Amino acid sequence: MAIKKQNNKIKGNLLAKKSRWPLLFLLFCGWNMGAQQAKRQVEKAEYCLWGNLNVHELSSKGNWVAYSMRYAEAKDTLFLQNTQNKKTVKIPEGRKSQFIREEWLVCTEPGDRLSIINLKNNRSQKLKNVKTWEIIDKGTRVIAMVQEDGKEKAVQMWNLKNGQSKIWENGKEVKYNPYSNAIAISQSIGSQNRLVVVRLDDNEAETKIDSSRTVAYSELSWQPSGENLCYLKGEKTIAYYHAAENRTQEIDLEKTSFYTNSHMVTQNGSVPLKMS
């Protein structure tokens, strides 16, 4: 009995060794094929598929992420991806993206276009000839300076709550203050220059601050609290608008002790007017 058991054990070992050879052969062949595939030369036509990944930002609650792929031989692409359901939106050549909560994304596109995308329904507005833009009023409005070829600039504001927009033609400058929730706009319409303040309430009430046929208004600067507005009137006068009292006050620089003919206040200077 002992001899029979020993013979059976030897036979079992031989069968086990024989069964390993095919398995080892298959594993070797698979490894060899994988090694050959890993050494495959990259074709020149595939270079355009390579790019640099740049993550821009997350939405306020992290439900959306904006990132871009930059390619050496192809157009860059901005991607919006939902981190919950993996939904992805592609914006060819999109840049300078900014989320508004979990509801909107604003970005620029080639040709001075501004894209405002509703993240809930994937609908978008394409705004043309946008030179500068800013998200204001706690993310409920977008204000921009627009200019068509051969025309004067204009200030345009979009209300994201109701989808309406408003335009101030011949706009020269616009300044927003979050504390007073108001914008100041200087305009030059023909020979008439005017300065207005718009309260960003439901009525968007507009108040005319100043007007002149001889001087323009520039260097708009809000006091941080939003109570007063400072601006340059022409080149020799600094004016203040007191919002609570709805009145203006002026300082004639020619009548101050430090002003001389060699000291001229210039518009759009490197050091803008500021209020404490």
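User: What does buried mean here?

Analyst: Buried means under 20% relative accessible area, exposed means over 50%, and partly exposed lies in between (1.4 Å probe, protein chains only). Tyr 231 has 0% relative accessibility, so Tyr 231 counts as buried. Tyr 217 is at 4% and therefore also counts as buried. This is a predicted model: local features need pLDDT of at least 70, side-chain atom pairs count only at pLDDT 80 or more, and totals for chains, interfaces and linings use all residues. Residues are numbered from 1 along each chain as its sequence is written, and side-chain values use heavy atoms, with hydrogens and water left out.

User: What share of the protein counts as buried?

Analyst: Of its 276 residues, 37%. Accessible areas come from the Shrake-Rupley method with a 1.4 Å probe; for residues, only the protein chains shown count as cover. The protein exposes about 18000 Å², and carbon and sulfur atoms supply 50% of that.

User: How many helices and strands are there?

Analyst: The elements are DSSP runs, numbered from the N terminus: helices (H or I) need at least four residues, strands (E) at least two. The protein has one helix and 20 strands.

User: How many aromatic pairs are there?

Analyst: Start with the rule. Rings of Phe, Tyr and Trp (its six-membered ring) pair if their centres lie within 6.5 Å; planes under 30 degrees apart count as stacked, over 60 as edge-to-face, the rest as tilted. That rule gives two aromatic pairs. Tyr 67 and Phe 79 have ring centres 5.2 Å apart and planes at 15°, so this pair is stacked. Tyr 67 sits in strand E2 (residues 64-71) and Phe 79 in strand E3 (residues 77-82), so the pair ties together parts twelve residues apart in sequence. Both Tyr 67 and Phe 79 are buried.

User: Why is the pair Tyr 217 and Tyr 231 edge-to-face?

Analyst: Because the planes of Tyr 217 and Tyr 231 stand at 80°, with the ring centres 5.8 Å apart. Tyr 217 lies in strand E17 (residues 217-222) and Tyr 231 in strand E18 (residues 228-233), so the pair ties together parts 14 residues apart in sequence.

User: Which residues have the most contacts inside the largest nonpolar core?

Analyst: A nonpolar core is a set of buried Ala, Val, Leu, Ile, Met, Phe, Trp, Tyr and Cys residues joined through side-chain atoms within 4.5 Å. The largest has 14 residues, and Val 106, Ile 116 and Val 142 have the most contacts inside it. Strands E6 (104-109), E7 (113-118), E9 (130-136), E10 (141-146) and E11 (154-159) each give two or more residues to this core. E10 gives the most, with three residues. Apart from this core lies another, of 13 residues, including Trp 222 and Leu 229.

User: What does Ile 116 touch?

Analyst: Contact means heavy atoms within 4.5 Å. Leaving out residues up to four places away in sequence, Ile 116 touches several residues, among them Trp 104, Val 106, Arg 123 and Val 142.

User: How many salt bridges are there?

Analyst: Side chains of opposite charge can pair when their charged atoms come close. A salt bridge is a side-chain nitrogen of Lys or Arg within 4 Å of a carboxyl oxygen of Asp or Glu. The count is twelve. One joins Arg 141 to Asp 137, with the closest N and O atoms 2.2 Å apart. Arg 141 and Asp 137 are both buried.

User: Which strands does the bridge of Glu 250 and Lys 233 link?

Analyst: Glu 250 is in strand E20 (residues 247-252) and Lys 233 in strand E18, 17 residues apart. The N to O distance is 2.7 Å. Glu 250 is partly exposed at 43% relative accessibility, whereas Lys 233 is buried at 16%.
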